[in-house]
Structures are given as C-alpha cells and as structure tokens.
Amino acid sequence: MLALTELGQRLRQERENKGLSLEDLQKLTKIQKRYLLGIEEGNYEVMPGKFYVRAFIKQYCEAIGLDTDAIFEEYKSDIPSTQTEDMPQQLSRVRSRKEIPQHTKGVSKAYDYLPTVLVVAGVVVVGIIIWVIAQNIVSDKNKEQANQEAPNSEVQQSNTQEETNETTAKNDNSKSEDEQSAADKKEQEKEKAEKEKAAKEKAEKEKAEKEKKDSGKQEFKEVQKTGRSATYALSGTDAFNLEVTSTQADTWLDVKNGKGNAFFSSILKKGETKEFDLTKETEARVNIGYSPGVELKVNGKAVDLPFDSSKQVRQVVTIQYQPAEAQ
C-alpha cells in the first residue's frame, strides 16, 4: 500500500469522523471505490487523467463537507495541476502595411483571427472528447454498481422470503397449538361438567330414595304449644334434614341446636333457601322473625308452622329428634 499524502490523510480522517466507509462514499459521489482509494493514497496514476483527479477530489470534499477552495489552496502541492496546452504559433508574422499589397489587406485581416478560431475549435473538440469519456466512465460505473447490487438484492430477497416463510410457519404452529390447547381445555371443562352433573344426580337420587324410605315410617307430631313457641317430636327416621325458605319477604332466621350452638343467624332473603343437616343433633330450635311466606321442610316433607302467620308474625319452632335405630 502507498504511503498516504497529507491530503489523503486529511480526507480519510474526515471521512472516518463522519462514520462513512468507502462504499458509502461511492454511493454519495458516484465515483468508483478504486478512484476514491487512489485519492486517499495519493495514487493518481489510477485516474483517467489529471482533469479527473481534480474533479474527483472536489466531489470527495463536497461529500464530506469540506471547503473545496480551501483544500485546493492548502494542499496544492499534493494536487496535480492541469496545464493549458500552449497556444499555436502564429502562422506568419504580420508585415507592415507598406509591404502588404492593397488587394491582400482582407486576407491579412482574416489571418489575424485565425489563431483565435483554432483555439476555440480546439477547446470545443477537447470538451466533446471529455464528455464522451465521462459518459463512458459513468456507464461503466453504473454497470459495475448494478452488478454489485444485483446479487445483494437477490440475497436480500431470498433472506426476506425465508424470514417470511419462517414467520408464517411459526404463526401456523402457534395457531395450531392455541387451537389444540383451546380444544383440550373445552374437552376438560365438558368432562368436568358431566362428572359434576352425574355426582349431583346421584346425590339427589340417593336423597330421594332415603326420603322415600323414611317417609313411610317418619312421624312428626306436636308435643307442646304455648305463646309463640311450639315443640315437635321427630321419630321413625335415621335422618334429620331441615329446609327453610322465605317466599314473600326478607326475614330474620336463627337456627341453633339444643346446646345453643348457632348453625345460622342472619337475614334470609326473599326467595332464598337454607338447608341444615341436623342428623347428629337431638334438638334444633328455629327462630323465625317474619313468618308470612316462610316454608319448613323436614326430610323433604313440608310441615306447617304451628301458628297462623297473619296473627303470630314471629314464631319459634323446637324439634326434638330421636333416630329410629335408637328407638
């Protein structure tokens, strides 16, 4: 690699400070990378000519934001100058008026303008040649850039297609897994509901059979009635299940066993039913705060309240229970 000139070092440093690579600069200036590298290394021999050296350096400076005139002045020793071709010598020296015949004065005057005409024609020809060369260079550069970009475009398109395919496959897999998971969850919920339904039906069936069995020999009779309280005796059954339902309005309900332990002590809302399994108890005390519309069931069988609810709003019912097996 050639040693960098001071200009080349300055240009490379400015380019790197702006975070530009030679490939980036090639895209900005449309100058082939090998020419840009030649400028940085001071290897002007790779250029098509001295004219292009100065032109390419100017484009380089403009691309990285440097003052072109200042750079050309500061590093003029590093930049080759384009020498103007020497003017052609006059074809002949001008003779004195006395030596020129009168009939040749017009021809002599035309000869005076001939050097200027030749210079202008030469400049035009040189300009046309430079334009043709520049067009060829630009065309070659465009072809080279197209050849460089084509494979990259194909690779990028291929990569994009692969990424699209992978994303589609992932989405399909994710969708399939989600659908499978939803189907499994639905199936599990269905099985759970069926099991719960079967268990509930079995329990209801067993309860109905037990109540049917007990109803034939169950006996519920009044033992004592006084004031707002009444006592009943439950016998001939091995179960003591109590149901209390309020059908007309909210009511206060208090249910305790014979020892005073409360099973329920709160408001029973309208339309609400409370069930109590008192099989292990020998006595239950039911305190009803608002008896109109309140229904009692013992082992699934409705029993009447001891008092007329329109006359006795608050009623207390005590049920004494003796299991059949203990009788």
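User: What makes D184, E187, E191 and E194 a negative surface patch?

Analyst: This is a predicted model. In it, D184, E187, E191 and E194 form a negative surface patch. Asp and Glu count as negative. Patch residues need over 30% relative accessible area and no salt bridge, and like charges are joined within 9 Å. D184 has a relative accessible area of 36%, so D184 clears the 30% cut-off.

User: Why is D184 called partly exposed?

Analyst: Its relative accessible area is 36%. Buried means under 20% and exposed means over 50%. The value for D184 lies in between, therefore D184 is partly exposed. D184 sits in helix 6, which covers residues 105-215.

User: What makes V124, I128, W131 and V132 a nonpolar surface patch?

Analyst: Val, Ile and Trp are among the side chains that count as nonpolar for a patch, and they are joined within 5 Å. V124, I128, W131 and V132 make a patch of about 400 Å². V124 lies in helix 6.

User: Is L296 buried or exposed, and how do you know?

Analyst: L296 is buried. Its relative accessibility is 4%. The cut-off for buried is under 20%, so L296 qualifies. L296 belongs to strand 8, residues 294-298.

User: Which residues does L296 touch, leaving out those up to four places away in sequence?

Analyst: L296 touches E243, V244, K301, A302, V303, L305 and V317. A contact here means heavy atoms within 4.5 Å.

User: How far apart are L296 and T273?

Analyst: They are 23 residues apart in sequence. In space, the C-alpha to C-alpha distance is 9.9 Å.

User: Why is the pair E74 and R10 called a salt bridge?

Analyst: The closest N and O atoms of E74 and R10 are 3.6 Å apart. A salt bridge needs a Lys or Arg side-chain nitrogen within 4 Å of an Asp or Glu carboxyl oxygen, so the pair qualifies. The pair links distant parts of the chain: E74 is in helix 5 (residues 68-74), R10 is in helix 1 (residues 6-17), and they are 64 residues apart. R10 is partly exposed at 26% relative accessibility.

User: What makes K18 and E14 a salt bridge?

Analyst: Their closest N and O atoms are 4.0 Å apart. The cut-off is within 4 Å, so the pair counts as a salt bridge. K18 has a relative accessible area of 45%. That value falls between 20% and 50%, so K18 is partly exposed.

User: How do you know that K274 and E272 form a salt bridge?

Analyst: The closest N and O atoms of K274 and E272 are 3.7 Å apart. That is within 4 Å, so the pair qualifies. K274 is partly exposed at 26%, and E272 is partly exposed at 25%. Elsewhere, salt bridges that share partners join R10, E14, K18 and E74 into one network.

User: How many salt bridges does the whole structure hold?

Analyst: A search finds ten salt bridges.

User: What is the overall picture of the protein?

Analyst: There are six helices and ten strands. Of the 327 residues, 27% count as buried. The protein exposes about 22,700 Å², and carbon and sulfur atoms supply 49% of that area. Among contacts between residues at least 6 apart in sequence, 65% join residues at least 24 apart.

Note on methods
Residues are numbered from 1 along each chain as its sequence is written. This is a predicted model: local features need pLDDT of at least 70, side-chain atom pairs count only at pLDDT 80 or more; totals for chains, interfaces and linings use all residues. Side-chain values use heavy atoms; hydrogens and water are left out. Helices (H or I, at least four residues) and strands (E, at least two) are DSSP runs, numbered from the N terminus. Buried means under 20% relative accessible area, exposed over 50%, partly exposed in between (1.4 Å probe, protein chains only). Accessible areas come from the Shrake-Rupley method with a 1.4 Å probe; for residues, only the protein chains shown count as cover. The place of a charge is taken as NZ of Lys, CZ of Arg, CG of Asp or CD of Glu.
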